[in-house]
Amino acid sequence: MSTGNLQLLSDTLAKAKSEDRAALVAYLPAGFPTVDGAIEAVKAVIEGGADVVEIGLPHSDPVLDGAIIQTADDIALRGGVKIADVIRTVREAHEATGAPVLVMTYWNPIDRYGVERFTAELAAAGGAGCILPDLPVQESALWREHAEKHGLATVFVVAPSSKDARLATITAAGSGFVYAASLMGVTGTRESVGNQAQDLVRRTRATTELPVCVGLGVSNAVQAKEVAGFADGVIVGSAFVKLLLDAPDLPAGLDAVRALAGELAEGVRRS
C-alpha cells in the first residue's frame with residue numbers, strides 16, 4: 001500500500017519555522033489553463049519560491065471561491081478536467097519538484113468518486129493530503145480513517161466566526177496544518193488582511209500544536225510580510241490565478257507566476 005507525503009508536508013513546514021520564517025503555500029486549480037499548463041504553472045510557483053502547493057479540484061458550484069478562481073474553474077471544467085487529471089497534476093508536480101502537493105476540494109466530488117479509491121490514488125501519486133473546506137468535522141470519520149491509513153494530511157478550514165470550543169474540535173481532528181480563512185466570505189485579493197486573521201491565528205494556536213496557515217486575501221509581498229508576522233504559513237491563490245488569466249499566452253503567465261512567487265517568498269522571510 002502506497003503512503004502519502006504527510007510527513008514531507010510536516011517536515012517542510014517545520015523547516016520554514018526553523019529558518020524563522022513563514023512557509024509560502026500556493027494554490028492553483030488543476031486543468032487551468034489546460035491540464036499540462038496547470039502542471040507547468042505548479043512547477044513555476046515552486047521554482048519561484050513556494051514551499052507547498054495546493055491543487056484545486058475544479059467544481060461546478062465553488063461556493064467559497066471568488067470570481068477569479070470561479071473563472072479558472074469554468075475554463076478547466078469546459079476543458080473536460082477529470083479527477084484523474086487532478087491526480088496526474090499532483091504526481092507530475094511532486095515528481096518534478098519534490099515539494100509537498102495537496103488537493104483542495106469540496107466534499108461532493110470525493111464522495112462520488114469513492115473515499116477509499118481517492119485516498120489510495122492520491123497517496124500513490126505522492127500527494128501530501130487534502131484541504132476540505134466544506135466537510136464538517138462531525139461527518140469526517142470515514143475520510144480521516146482512509147487518509148490516516150494512506151499517510152495523507154486532513155486539513156480543515158477555520159474562520160473568524162468559529163467559537164473557541166469549535167476551534168478545538170476542528171483542530172483535534174486535523175493533521176498537517178490548519179487553514180485559517182482570514183475573512184468571512186469568499187476567496188480573492190484584498191487591500192488589507194487585517195486584525196481578524198491575527199486574532200483567529202492566536203485563538204487557533206491556543207488549541208493545537210499544528211502550524212496555522214492563513215489564506216484568503218494575500219496578493220503581494222507587503223501583505224505576505226504582514227501575515228508572516230503572526231502565521232506559520234501564507235496561502236496565496238487568486239493572485240497567481242489572475243496572472244494566468246491576464247497573460248497573453250502560457251509562457252508569459254508562467255514567467256509572471258514565477259516572479260510573484262519570488263516576491264512573496266521574500267515577503268514571508270520577514271527580514
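These are my notebook entries on a predicted model, taken element by element.

Nine strands make up an open sheet, and I read the order as 5-4-3-2-1-9-8-7-6, with parallel pairing. Which strands stand at the edges? They are strand 5 (153-155) and strand 6 (157-158); each has a single partner strand, so one side of each has no neighbour in the sheet.

Two bridges connect it to strand 7 (residues 178-181), and the two run parallel. Val158 sits opposite Ala180 of strand 7.

**Strand 9**

Next I looked up strand 9 (233-236). Its pairing with strand 1 is parallel and rests on four bridges. Here Ala26 stands opposite Val236. With strand 8 the pairing is again parallel, and I found two bridges joining strand 8 to strand 9. Cys213 has Gly233 of strand 9 as its bridge partner.

I also checked where the residues of strand 9 point. Gly233 and Ile235 face one way, Val234 and Val236 face the other way, and all are buried.

**Helix 1 over the sheet**

Helix 1 covers residues 6-18. I see it lying across strand 1, strand 2 (52-56), strand 3 (101-104), strand 5 and strand 8 (212-215). Against strand 2, helix 1 runs at about 130°.

**Helix 11**

I went on to helix 11 (residues 238-246) and noted its buried residues: Ser238, Ala239, Phe240, Val241 and Leu244. What covers them? The cover includes strand 1 (23-29) and strand 9, along with helix 2 (35-48), helix 3 (67-78) and helix 12 (250-267).

**Helix 10 against helix 12**

Helix 12 turns up again beside helix 10 (residues 221-228): their axes come within 7 Å and cross at roughly 35°. I logged the crossing of helix 10 past helix 12 as right-handed. On the helix 10 side, the contact is made by Ala221, Ala224, Lys225 and Ala228. Helix 12 brings Glu263, Leu264 and Gly267 to the contact. Sorted by class, I have four nonpolar, one polar and two charged residues in this contact.

**Cysteines**

How many disulfides does the model have? The count comes to zero. Cys130 is in no disulfide, and the nearest cysteine sulfur, that of Cys213, is 16 Å away. A disulfide would need the two sulfur atoms within 2.5 Å. Cys130 is buried, with a relative accessible area of 0%. For Cys213 I noted that it is likewise in no disulfide, with the sulfur of Cys130 as the nearest, 16 Å away. Cys213 is buried too, and its relative accessible area is 0%.

**Ile170**

My last stop was Ile170, which is found in helix 8 (residues 164-173). Is Ile170 buried or exposed? Its relative accessibility is 5%, and buried means under 20%, so Ile170 counts as buried.

Which residues does Ile170 touch, leaving out those up to four places away in sequence? I listed Val137, Phe156, Val157 and Val158. Val158 was already in my sheet notes, opposite Ala180 in strand 7.

I also took one distance along the way. Ile170 and Ala16 are 154 residues apart along the chain, and their C-alpha atoms are separated by 24 Å.

Definitions and conventions
Residues are numbered from 1 along each chain as its sequence is written. This is a predicted model: local features need pLDDT of at least 70, side-chain atom pairs count only at pLDDT 80 or more; totals for chains, interfaces and linings use all residues. Side-chain values use heavy atoms; hydrogens and water are left out. Buried means under 20% relative accessible area, exposed over 50%, partly exposed in between (1.4 Å probe, protein chains only). Contact means heavy atoms within 4.5 Å. Two strands pair if DSSP finds at least two bridges between them. Axes are lines fitted to C-alpha atoms, for helices over the stretch in contact, and angles run from 0 to 180 degrees between N-to-C directions. A crossing is left-handed if the near helix is turned anticlockwise from the far one by less than a right angle, and right-handed if clockwise. Ala, Val, Leu, Ile, Met, Phe, Trp, Tyr, Cys and Pro count as nonpolar, Asp, Glu, Lys and Arg as charged, and the others, Gly among them, as polar.
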